[in-house]
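This report describes selected helices, strands and single residues of one protein model. Please keep the sequence and the structure in view while reading.

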Amino acid sequence: MNIHLTKSQIGLDGVPAAETVLSHVDGERGELIIAGEHVGTLASQSSFEGVTARLWNGASKTSLSEANVRASLGAARERAFVRLPELLPATRGMGIVDGFRAAVAGLRAENGLEHEATIVGAFPVIAGALVRRAKGLEPVAPDPNASHAADTLRMLRGASPEPREVAALDAYFVTVCDHGMNASTFATRVVASTQADLFAAITAGYCALTGPLHGGAPEPVLEMLDAIGSSERVKPWVDAALARGERLMGFGHRVYRVRDPRADVLKAAIERLSADGADLPFAGEVEAYIRSALRKKNPDRPLETNVEFFTAILLDALAVPRQAFTPIFAAARAAGWTAHAREQQRTGRLIRPSSSYVGEMPKASGE
């Protein structure tokens with residue numbers, strides 16, 4: 001007998017696939033907890049290295065400190081830079097997003113070294129090299145003594161960033177390092193559940209992140225702001241887009257029924273960075289009008305601002321090229337992916353959901 005599933009059942013909405021100590025998303029309350037703490041608290045009180053230590057400790061029952069992680073990531077960035085001549089040839093002829101995928105797929109285990117650090121340390125090195133190659137420039141060697149956020153900006157630009165720029169990127173890294181059982185994390189855990197190595201699992205996670213329904217919206221947010229252009233065009237542009245049934249980028253989320261808590265964390269980071277060119281007043285005006293228009297269009301379930309809206313503004317203010325938004329997102333999310341992969345391998349089982357067959361059945365003999 002064929003059993004037809006509802007739309008949410010087909011998408012596995014609300015179906016638990018694992019038990020985790022790493023992060024929890026409450027879409028009804030607009031709450032994100034990472035390793036036992038609210039995301040806003042972490043962003044104001046912890047560094048990316050500190051949050052990464054919490055995630056890795058939870059996944060593997062270790063006792064790493066923030067200093068341990070900072071040192072291991074610094075050393076891993078150095079090792080990744082040495083390996084660039086091996087990794088970059090596979091990226092020839094590719095854009096930054098696809099080239100990053102090809103280079104990540106070339107990462108491999110290093111004897112006696114933590115695979116988690118090898119992966120997370122390599123990501124900004126690869127991203128920086130691809131961004132600079134696109135500009136006709138040579139890659140910049142990492143500084144193992146710098147923070148992960150500071151070195152990421154330095155390798156992208158070829159110059160040391162200002163402290164407030166480092167603080168802004170670090171807040172972004174903390175805010176997006178993990179987010180429950182999202183599509184890329186689920187892909188990572190599925191591959192890890194087969195007992196494939198960590199490198200295969202994380203490559204799968206990045207591939208999932210490149211899809212426009214998951215990690216691909218920040219760049220279109222900037223394209224939308226560019227198209228609107230000025231304050232007097234906000235209302236007519238938005239009204240016309242809604243009349244055409246177009247999706248407004250940076251609004252709505254598959255899980256959150258209220259405002260994405262990460263949006264306010266990043267908005268605060270942008271306000272602290274505003275002297276560096278973040279056009280928050282105009283973006284804020286656009287956001288306010290779109291939220292109002294969406295409430296009028298669907299008062300029972302309006303779409304709220306999501307993390308991608310302010311991600312776009314923050315990364316643009318930090319002069320991160322739009323084509324590099326996805327790899328920079330991955331540089332943060334790799335902390336969560338590696339933790340989820342380890343947790344799945346340690347506590348989980350093979351993830352093997354069933355499907356509901358709705359095709360033709362063979363005819364009974366004699367018919």
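In helix H7, the residues His148, Ala149, Ala150, Asp151, Thr152, Leu153, Met155 and Leu156 are buried, where buried means under 20% relative accessible area, exposed means over 50%, and partly exposed lies in between (1.4 Å probe, protein chains only). The structure is a predicted model, in which local features need pLDDT of at least 70 and side-chain atom pairs count only at pLDDT 80 or more, while totals for chains, interfaces and linings use all residues. Residues are numbered from 1 along each chain as its sequence is written, and side-chain values use heavy atoms, with hydrogens and water left out.

Helices (H or I, at least four residues) and strands (E, at least two) are DSSP runs, numbered from the N terminus. Helix H7 spans residues 148-157 and is mostly covered, since 8 of its 10 residues are buried. The cover over these buried residues includes H3, helix H4 (66-87), H6, helix H8 (163-176) and helix H16 (325-347). After H7 comes glycine 158, which has a positive phi near 85°.

Two of the covering helices also meet each other. The axes of helix H3 (residues 48-60) and helix H6 (residues 115-134) come within 12 Å and cross at roughly 145°; such axes are lines fitted to C-alpha atoms, for helices over the stretch in contact, and the angles run from 0 to 180 degrees between N-to-C directions. In this contact (heavy atoms within 4.5 Å), Phe48, Trp56 and Ser60 of H3 meet Glu116, Ala117 and Val120 of H6. The residues involved divide into 4 nonpolar, 1 polar and 1 charged. Here Ala, Val, Leu, Ile, Met, Phe, Trp, Tyr, Cys and Pro count as nonpolar, Asp, Glu, Lys and Arg as charged, and the others, Gly among them, as polar.

Which residues touch the most other members of the largest nonpolar core? They are Phe123 and Tyr172, in a core of 106 residues. A nonpolar core is a set of buried Ala, Val, Leu, Ile, Met, Phe, Trp, Tyr and Cys residues joined through side-chain atoms within 4.5 Å. Leaving aside residues up to four places away in sequence, tyrosine 172 touches Leu266, Thr311, Leu314, Leu315, Ile328 and Phe329.

The model also contains an open sheet of 3 strands in the order S1-S2-S3, with antiparallel pairing. Two strands pair if DSSP finds at least two bridges between them. The edge strands, S1 (23-26) and S3 (37-38), each pair on one side only. Strand S2 (residues 31-34) is joined to S1 by 4 bridges, and valine 25 stands opposite leucine 32 in S2. The hairpin of S1 and S2 has 4 residues between the strands, and glycine 30 there takes a positive phi near 65°.

Alanine 35, with a phi of about 50°, lies in the loop between S2 and S3. Glutamine 195, with a phi of about 70°, is found in the loop between H9 and helix H10 (198-209).

| Residue | Relative accessibility | Class |
|---|---|---|
| Threonine 188 | 0% | buried |
| Alanine 35 | 18% | buried |
| Alanine 288 | 45% | partly exposed |
| Glutamine 195 | 54% | exposed |

Threonine 188 has its place in helix H9 (residues 183-193). Apart from residues up to four places away in sequence, threonine 188 touches Ala201, Ile202, Gly205, Trp337 and Ala341. Alanine 288 is found in helix H14 (residues 280-297).
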